[in-house]
Amino acid sequence: MNLYDHLTQVLMKVMDEHPQNVVDVIEDISHDVKRTFFEEKQSTLRDLPQTSAAELLAEKQRLLFAGPEEDDQEEKAMESPLPNMSVIGFYWEQAGVGLGREEMLRVFLALKQLVESQKLLRCRLWGKILGTESSYIVAEAEYRVGEVERSSEESAEDEVRKRKEDPLPPSTCEPLPALPEEILGKGANKCVYYVCKEPGLPWVKLPSVSPAQIIVARQIRKFFTGRLDNPVVSYPPFTGNEANYLRAQIARISAGTQVSPEGFYKPAEDEYDEEDEEAFNSVEVNPDFEGISVAELAESLSTWVHHVQHILQQGRCTLVDLAKKTGDDSNEEGEAEEREADDKPEQEVGPPLLTRLSEDAEKFNIPPWTLRVSSTLTYQHALAVIRSNLWPGAYAYSCGKTFENIYVGWGLKYAGEGYSPPVPPPPQNEYPSGPDITEALDSSMEEELGQQATPEKERDAEEELEDINGEDDEEDDD
């Protein structure tokens with residue numbers, strides 16, 4: 001700052017404040033002006049540091065490492081619904097897949113917190129789905145039977161309550177019947193899934209999936225953002241937000257990539273019923289399983305099987321015949337149904353449970369699976385690793401009598417060399433025009449005057465006819 005600028009600031013302050021005895025206080029005013037410039041540029045105070053997002057996350061994750069109280073140690077020693085994540089993490093590290101040691105430890109502590117808060121019977125790490133803003137850590141859980149029944153009843157009660165509160169106007173249109181959603185504990189809703197963005201953050205339970213959501217999810221490709229309430233803008237339109245889309249993709253990935261060594265599972269004998277098809281939709285652990293050697297698992301796909309139900313084109317694991325009618329039908333309707341039954345196409349039948357991977361079809365001229373050994377140098381201690389080529393990021397390993405599945409990817413299926421979005425349907429044809437629906441032209445002034453004069457002429461003609469008829473009656477009387 002030069003002398004001219006300083007004198008200018010001093011004179012401006014004198015003109016603004018108008019102090020008395022300016023000559024006596026001119027030195028004080030000059031000192032105040034110098035001090036303002038000194039404080040702005042030469043401040044010795046340090047700004048208060050702001051807390052970063054990493055520090056806030058570390059503060060929340062610190063609670064995961066809090067040890068249990070002494071009274072709860074005996075309860076902790078009981079059998080845990082969680083698998084041994086340390087061993088699983090070691091195996092995934094040998095296979096070259098996973099989240100790393102540090103993140104696996106934090107995820108294990110987060111799963112432990114989830115089990116304690118939700119009272120789950122079984123819980124495991126399903127995988128991690130990547131997003132553009134943040135990722136989702138997915139936990140697969142299984143509720144108690146009573147809790148599953150209550151949740152389904154509550155959802156039904158909510159639907160009835162909404163219908164009573166918001167009655168819809170009557171409609172004469174008869175829409176196509178909606179596909180019923182599979183109940184919790186069955187089909188695509190067999191398991192319940194929880195997600196969180198980072199270990200230590202709260203877990204969020206995903207809603208159950210509907211057949212309509214699975215059908216649309218097969219036709220669109222959308223990256224996840226990391227926000228569950230984010231709307232899904234696509235064509236065909238997807239009913240729901242990102243949480244519903246995430247749940248639909250989890251159901252598709254589980255149905256296509258959850259595999260196990262042949263013989264580890266067997267059909268559930270307790271639920272077997274010759275008349276009930278659900279008997280073929282559940283499996284149980286085979287206690288007589290002796291394991292398969294790593295060499296056999298790494299050479300043939302026939303030693304691996306699917307242990308999760310296949311999802312049909314209908315969006316369900318079990319087919320529903322929407323053509324069936326409830327109530328008593330007349331004889332004519334029954335005969336018509338019998339004639340139509342011969343013309344109906346064959347119903348879709350998906351592959352049963354425990355189907356070998358060797359029966360999976362190739363797509364885009366690539367094999368659906370790739371087998372390998374974790375290490376060729378220490379073959380006697382190696383693992384058999386299998387990778388899905390249709391769902392990049394899905395892996396499974398097996399060693400002795402143990403196996404595990406995981407998915408780490410973007411949640412999108414392989415679509416070949418390029419992806420083309422579906423084309424919208426062609427627009428409907430215009431309604432055929434005709435005299436009944438064609439708008440009439442406005443009449444001119446002459447036509448309106450002529451139309452007004454026409455009733456008067458008709459009235460005069462009627463009066464003349466009445467007069468003539470009256471004269472004829474009088475002549476007849478004479």
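1. Helices (H or I, at least four residues) and strands (E, at least two) are DSSP runs, numbered from the N terminus. Asn-21 sits in the loop between helix H1 (3-17) and helix H2 (22-41). Its phi is positive, near 55°, and Asn-21 is not a glycine. With 54% relative accessibility, Asn-21 counts as exposed, where buried means under 20% relative accessible area, exposed over 50%, and partly exposed in between (1.4 Å probe, protein chains only).

2. A word on the source: this is a predicted model, in which local features need pLDDT of at least 70 and side-chain atom pairs count only at pLDDT 80 or more, while totals for chains, interfaces and linings use all residues. Residues are numbered from 1 along each chain as its sequence is written, and side-chain values use heavy atoms, with hydrogens and water left out.

3. Now the overall picture. The chain has 12 helices and 12 strands, and 31% of its 478 residues are buried. Taking contacts (heavy atoms within 4.5 Å) between residues at least 6 apart in sequence, 64% join residues at least 24 apart. The chain exposes about 33,200 Å², with carbon and sulfur atoms supplying 51% of that area; accessible areas come from the Shrake-Rupley method with a 1.4 Å probe, and for residues only the protein chains shown count as cover.

4. Back to backbone angles. Most residues other than glycine have a negative phi, and most peptide bonds are trans. Asn-365, not a glycine, has a positive phi of about 60°. You will find Asn-365 in the loop between helix H11 (331-343) and strand E9 (369-373), and its 77% relative accessibility makes it exposed. The peptide bond from Tyr-235 to Pro-236 is cis, with omega near 0°, and Pro-236 lies in the loop between helix H8 (211-217) and H9.

5. Helix H6 (residues 101-118) is worth a look. Its 18 residues reach 26 Å from first C-alpha to last, close to the 26 Å expected at 1.5 Å a residue; the expected span is 1.5 Å times one less than the number of residues. The buried residues of H6 include Met-104, Val-107, Leu-111, Leu-114 and Val-115. An α-helix has 3.6 residues a turn, so residues three or four places apart point the same way. The cover over the buried residues of H6 includes helix H5 (85-95) and strands E1 (122-129), E2 (136-142) and E3 (192-196).

6. Leaving aside residues up to four places away in sequence, Glu-103 touches Lys-128 and Ile-137.

7. How many cavities of 30 Å³ or more does a search of the whole structure find? The search finds one, and about 50 Å³ of space lies in the largest cavity. On a 1 Å grid over the protein atoms alone, a cavity is a set of points where a 1.4 Å probe fits but cannot get out, and a pocket is an open set with protein on both sides within 12 Å along at least five of seven lines; lining residues have an atom within 4 Å of a point. Grid points are joined across faces, edges and corners, and a volume is the space filled by probe spheres set on the points. Met-104, Trp-92, Arg-124 and Glu-404 are among the residues that line the largest cavity. H5, E1 and strand E12 (402-409) each give two or more residues to that lining.

8. The second largest pocket has a volume of about 910 Å³. Of its 35 lining residues, the closest to the centre are His-310, Lys-363, Leu-390, Trp-391 and Lys-413. Helix H9 (residues 242-257) gives the most to this lining, with five residues. 15 of the 16 residues of H9 are buried, so H9 is largely enclosed by the rest of the structure.

9. Finally, Arg-221 lies in the loop between H8 and H9 and is partly exposed at 31% relative accessibility. The C-alpha atoms of Arg-221 and Leu-412 are separated by 6.8 Å, though 191 residues apart along the chain. Arg-221 touches residues including Tyr-245, Leu-412 and Lys-413, not counting residues up to four places away in sequence.
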